[in-house]
Amino acid sequence: MTAKDIIKPENLVYTKTKIMTDTPMHYCPGCSHGVIHKLISEAIEEMGIQDKTIGVAPVGCAVFAYNYIDIDFQEAAHGRAPAIATAIKRLQPDKCVFTYQGDGDLAAIGTAETIHACNRGENIAIFFVNNAIYGMTGGQMAPTTLEGMKTATCPYGRNTDLYGFPLKISNLLAELDGTCYVTRQSVHKVANIVRAKKAIKKALQNSMDGKGTSVVEFVSTCNSGWKMSPHKANLWMEENMFAKYPLGDLKDTEKKHYEK
Amino acid sequence: MKTEIIIAGFGGQGVLSMGKILAYAGLLQGKEITWMPAYGPEQRGGTANVTVILSDERISSPILQQFDIVVVLNQPSMDKFEPRVKAGGILLYDSNGMTRKPKRKDISVYRIDATDMATEMNAPKTFNMLVLGGLLTVAPVVAVEDVMSGLKKTLPERHHHLLPANEAALRKGMEIIEKEN
Amino acid sequence: MEEIKLMKGNEAIAHAAIRCGCDGYFGYPITPQSEVMETLMKEKPWETTGMVVLQAESELAAINMVYGGAGCGKKVFTSSSSPGVSLKQEGISYIACAELPCLIVNVMRGGPGLGTIQPSQADYFQAVKGGGHGDYRLIVLAPSSVQEMADFTVLAFDLAFKYNTPSMLLADGIIGQMMEKVVLPPFVPRRTDEEVRNQCPWATTGKVGRKSNVITSLALEAEVMQETNLRLQRKYAQIVEHEVRFEEVQCDDADYILVAFGSCARIGEKVVELARNEGIKLGLLRPITLWPFPTKEIQRLAKQVKGFMSLELSVGQMVEDVRLAVNGLVPVEFYGRQGGVVPLAEETLVALKQKLVK
């Protein structure tokens, strides 16, 4: 088989979803954002809701999410995405609305907006990328930074006596009556990617169906911020991040029993 | 023609609503109206006052130095507003709890024992209507029928059964007002 | 026949908003403007016009809800009082840069800090000079009666959509809390989705048959951000050219001009009356738009009068803009009261005579 045969349409085994633009991504090699963007885009395409979906981008590494996912987008001030999404969904109830936020955005500066949007049961999906560090500003301590983990603003490791504890914000959000679906996923292995995409679809569908707030946390790596190779970062995540932030559903009101 | 009125007393005496009833009555008579309260939750239990301006022309300042008619329902209000009655103007006061009589001689002073009468009538909540009745007797700035319409407008519908008692108090107030100076 | 109602300034804003086809309100309670949201909640417009009314968890959330709604091309507003408006400044800066039309109401109270709930005009600088970060302006309207609270709510929305820029109603506790007669604006239905898409083709209404719309205030490249700034300035120049509004009372033969806005303009009218009784030819210039400021009119008057005095509920903020306009041609004095205290017409006349009338 020659190269000419390989590129024939009938021999294609994979095409990039049309919801993703051709803009080259600014993310570091090994970063989880690219995979999550792709999964969201694929979900939008497969659900046929490109014309109905409005995203809200955060301040953080994903600030340019609107350059990569080809839907209408609003760029939020740091932490305010859930407030913006609240208004978008309330004023256009037929739309599918999601926020895309990092740990600093969602669990530090935007804690109030996050908790109250979830508590009101806003019919939005919240995609929460937790890599335990502020990536865009150069690797500072996040609310989700693990105990002992070194960052630019805790260079000797996070001392919980001084800086508090890693915040399991999704557990907190699962406790709120307004959330209908809270799950913790990862995108570092094929099996995880498959599960993560299912979670994304479910969250988007919940927004369409007006079932309440869905939160999909992606436990992720930041190999640049963690100062590791992508492979090593994945291993470190499995060993350390999953211990503190175990994967799986925290809440699913459609199912009778769920783990707390 | 412009009448500038201030009603002052304790929060809970119905000061603001008395002003509102006057304002609504003025509205029904086609007058220009400004109703300006000393506002805020901290007024509860403390002193409360409301300025009501009724005019045939555009009203300028809602904040006034002097008034044509001053209604005072407690001693602090008497102390504060007696000096601010325009010469030749009217001061009307309820005697309950007052430690001194008004001093001014260049104004008309009227007393109404409205607190006592409200107690006697076993209708403490109609206190402000007694005062209003007295006020309308000495200064008929609005018509009694319009006051009753104004009251109907300001009172929530569930309280409309109280209208007759309020009208009775209004009429009683007209009887018991006394000129002192 | 038009129905004449008696209501508070704050209530008039709420009724006018419902009637002019407003799509949404997002606010947080604070004295002395809580009646705006209370009235909306009582009126239940979601059952009649479909307007959304939501009590937010903070002023920060409220202004960002306004950002989100305005980004959808919807007619949305928020209201607050001074400390709350300080909190909103971040969002206002973003809204101005993203060029979103919306209305922000500030029923001012005495500051700085937690201050007092009594009336003030000390947020003038914050409103007209741009209280948030960056080079931006708000269209600022200053109502001085309950009628204008209603009328300017409609006007502020119209101007916001005309220029795709946030506008502000800058009132104070007096105008918010007092009751006066008001004729409410006629009912205008909310725009249909199609009308919104036509009026606001840039809005996030869903990518249908066009490239995706992005609402953002971000441009990391300095040259791009500079172009954004220059575009904003060109728009502001248009607003300065076309949208200056003011009212004059007895300025034609005046020797002296009192400049006052909002509640102070009401007091100012009485000062004019008192001054004229004493044979002092005083006129009143009332800026209705505080930005754009009636600079040209003040320059015109400066050539024919002996002096100006600015009357404000502050330590003297607007007086700086009067001085800039007069540019040394005649004296410009200031009189005011601060921290919630309101000057009386009588004391203002005394000050005028001491400072200006020689």
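The following legends describe close-up views of a predicted model. Local features require pLDDT of at least 70, and side-chain atom pairs count only at pLDDT 80 or more, whereas totals for chains, interfaces and linings use all residues. Residues are numbered from 1 along each chain as its sequence is written, with chains lettered from A and ligands numbered from 1 in the order in which they are written.

**View 1. An open sheet of 9 strands with mixed pairing.** The strand order is β7(B)-β6(B)-β5(B)-β4(B)-β1(B)-β3(B)-β2(B)-β8(C)-β1(C). Strands (E, at least two residues) and helices (H or I, at least four) are DSSP runs numbered from the N terminus, and two strands pair if DSSP finds at least two bridges between them. At the edges, β7 (178-179) of chain B and β1 (4-8) of chain C each pair on one side only. Within chain B, β2 (residues 32-37) and β3 (residues 47-55) are antiparallel and share 6 bridges; B:T34 stands opposite B:I53 of β3(B).

View 2. Strands β2(B) and β8(C) run antiparallel and are joined by 2 bridges, with B:W35 and C:M179 as bridge partners. In total, 17 residues of chain B are in contact with 21 residues of chain C, contact meaning that C-beta atoms, placed from the backbone, lie within 7 Å. On the side of chain C that touches chain B, α10(C) gives the most, with 5 residues. By class, this side of chain C has 11 nonpolar (Ala, Val, Leu, Ile, Met, Phe, Trp, Tyr, Cys and Pro), 3 polar (the others, Gly among them) and 7 charged (Asp, Glu, Lys and Arg) residues.

**View 3. Packing of α5(B) and α6(B).** Helix α5 (residues 144-154) and helix α6 (residues 163-176) of chain B pack at about 145°, their axes lying 11 Å apart. Axes are lines fitted to C-alpha atoms, for helices over the stretch in contact, and angles run from 0 to 180 degrees between N-to-C directions. From α5(B), B:V144, B:V147, B:M148, B:L151 and B:K152 meet B:L163, B:N166, B:E167 and B:L170 of α6(B). This contact comprises 6 nonpolar, 1 polar and 2 charged residues.

**View 4. The contact between chains A and C.** Chain A contributes 28 residues and chain C 33 residues. On the side of chain A that touches chain C, α4(A) supplies the largest share, 8 residues. The residues of that side divide into 14 nonpolar, 5 polar and 9 charged. Strand β2(A) pairs in the parallel sense with β9 (residues 214-215) of chain C over 2 bridges, and A:Q74 has C:I215 as its bridge partner.

Technical notes: Contact = placed C-beta atoms within 7 Å.
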